[in-house]
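Welcome, and thanks for taking a look at this one. Here is a short briefing to read alongside the coordinates, grouped by topic.

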Amino acid sequence: MAACGGSDGTSPATTAAGSASAPGTPVTGGTLTYLDSAAHTNLYPPSGGFYPNGGILNQITDKLTYQNPETLEIEPWIAESWTVNDDLTQYTFVIRPGVTFSDGTALDAQAVADNYDTFGLGNPDLKQPVSEVFNNYDHSEVQDASTVTFFFKKPSPGFLQGTATIGAGLVSAATLARPYEELGSATNIIGSGPFTVTGETLGKQIDLKVREDYNWAPPSAAHQGRAYLDGITLIVAAEDSVRIGSLLAGQADAIRQVEAYDEPQITGAGLALLRASTRGVNDSIAIRPDNPLVADLRVRQALLKATDSAEVVSTLLSDNYPQATSVLAKDAPGYVDLADKLTFDPDGAKALLDEAGWVPGADGIRVKDGKPLVLSIYHTYVQPQNKQVLQLVSEQWAKVGVKLEVLPGDAGSVAADNLDPAKTPLLVAMVGRADPDVIKSGFYPKNRDWLLQVGGSSTLVQSYTDTELNGLLEAQTAEVDPAKRLEIIGDIQNHVLDQALLIPIFEEPQIFAAGTYVNGLEFEAVGRPSFYDTWLSER
């Protein structure tokens, strides 16, 4: 990742890993005011994939291992060491001594086992779901107070990286004992991280306080001991102008989700603009073939050809958002350049629609068997300028005779409708993780199930299933040979585009901005902020 400007020698500047530099001698003290664009939803660690959730969990929980954001290598953290058997079905970890949760209980081998049994198997009684980062999990066995072994039904090559993800944040027994719905309150999350939650106004503000006795940061961290900050005040500010205005006025110290049109204000004011990659599936439109309007491969291929992602990037975004050249981002493990399958070709789109029997109607919208080719999609506030992106795609599709309705909606109706392929033939899709398993998270029926398949997340699907795709997804999660595993990841990307199941548009990073006096602001491997090494110099 490249620096995005704004560094004046005292302000944070991105490095190749997207972390902030920290010139000068760190000082202890002060409270950082951090503005996020959205409130968290639920802080059950496997729900940490939603960025506002992960941004909190990354301050209050630790992970078994640490993924170096520069090298992507897995390093020790709460686990001092580990061994893995040859067929990747058994992983044994030695737990660092002296680590405690903020309620005083020990983070020992039993605590790790209890966490992972919950994340790997789920807890139906408490409605806690299975984590999408744990594949083929079977059970744990505690060897002694500091040693735990995890067993898998089949090889699980992605497990070690999974132990470093937000979704594997370790929490106390008291937190694991709470029903899923109670984990929506941050005050109920007891972790071993460098900060603890001291107060919360649900949906508006969370107050974090430093743990004075914290002394178990990853060995490769810039420092050991307590975090430099005394605390963090996290405020939800949905309006872009409020976040930007607060930062420019000095009322906020750091903000997340700087839209492309606001970047010049940040750099023009000499503030730091920070880009952190998410290393996963690109910002895309997923297509649900169970909907009869898009069941024909030729129609899906036509939508792919009718989408001009270069125009989206040049019109609405900035250099921080590269045009997608595959299903995965360029820095995602297993990326294959498939740009030749994403060529903008409106004439080709029209020919395919003609061939499929969709003919232009009097109003320009194509018609077949008396039905217009009208598709709909809900825009989301989570992805960058998503409404504007979809509206531009709508204009592009209109030129080949397809009407795309971009819908607003409250969270409840959107969640319900997105499970019905008859109502929602299209879905905004994106997921980050620095491991090949990320591609399974999006498409597999028992994970996010973007395509909506039989046996997946919805009971409303009539018949659609993709056995070839599912077989490839399962095969890569159990492939012991790293090279063969990446070959399968390439096969998956080719299959998804050949079947026109996804329209990748752009690579989606996380964009932050901070004051010139904010030092040591870092990011984990897929862009969640880490304030452990952050310190404030004089303004």
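**Helix α10**

The buried residues of α10 are Asn-386, Val-389, Leu-390, Leu-392, Val-393, Ser-394, Gln-396 and Trp-397. Please keep in mind that this is a predicted model.

- Helix α10 covers residues 386–398, 13 residues in all.
- From its first C-alpha to its last, α10 reaches 18 Å, close to the 18 Å expected at 1.5 Å a residue.
- As a general point, an α-helix has 3.6 residues a turn, so residues three or four places apart point the same way.

**Nonpolar cores**

- Trp-397, buried in α10, is also among the residues with the most contacts inside the largest nonpolar core, together with Ile-285, Leu-375, Phe-443 and Ile-492.
- That largest core has 78 residues.
- Another core, of 65 residues, lies apart from it and includes Tyr-137, Ala-186, Val-210 and Ala-272.
- Leaving aside residues up to four places away in sequence, Phe-443 touches Val-327, Asp-449, Trp-450, Leu-451, Gln-453, Leu-469, Leu-473, Val-496 and Leu-502.

**Positive phi values**

- Most residues other than glycine have a negative phi, and two exceptions follow.
- Leu-88 has a positive phi, near 55°, and sits in the loop between β4 (79–84) and β5 (90–95).
- Leu-88 counts as buried because its relative accessibility is 16%, under the 20% cut-off.
- Lys-127, also not a glycine, has a positive phi of about 60°; its place is the loop between α2 (109–121) and β6 (137–144).
- Lys-127 has 59% relative accessibility, so it counts as exposed.

Notes: Residues numbered from 1 in each chain as written. Predicted model: local features only at pLDDT ≥ 70, side-chain atom pairs only at ≥ 80, totals over all residues. Heavy atoms only, no water. Core = buried A, V, L, I, M, F, W, Y, C linked by side-chain atoms within 4.5 Å. Buried < 20%, exposed > 50% of the residue type's maximum accessible area, 1.4 Å probe, protein only. Contact = heavy atoms within 4.5 Å. Helix = DSSP H or I, 4+ residues; strand = E, 2+ residues; numbered from the N terminus. Expected span 1.5 Å × (residues − 1).
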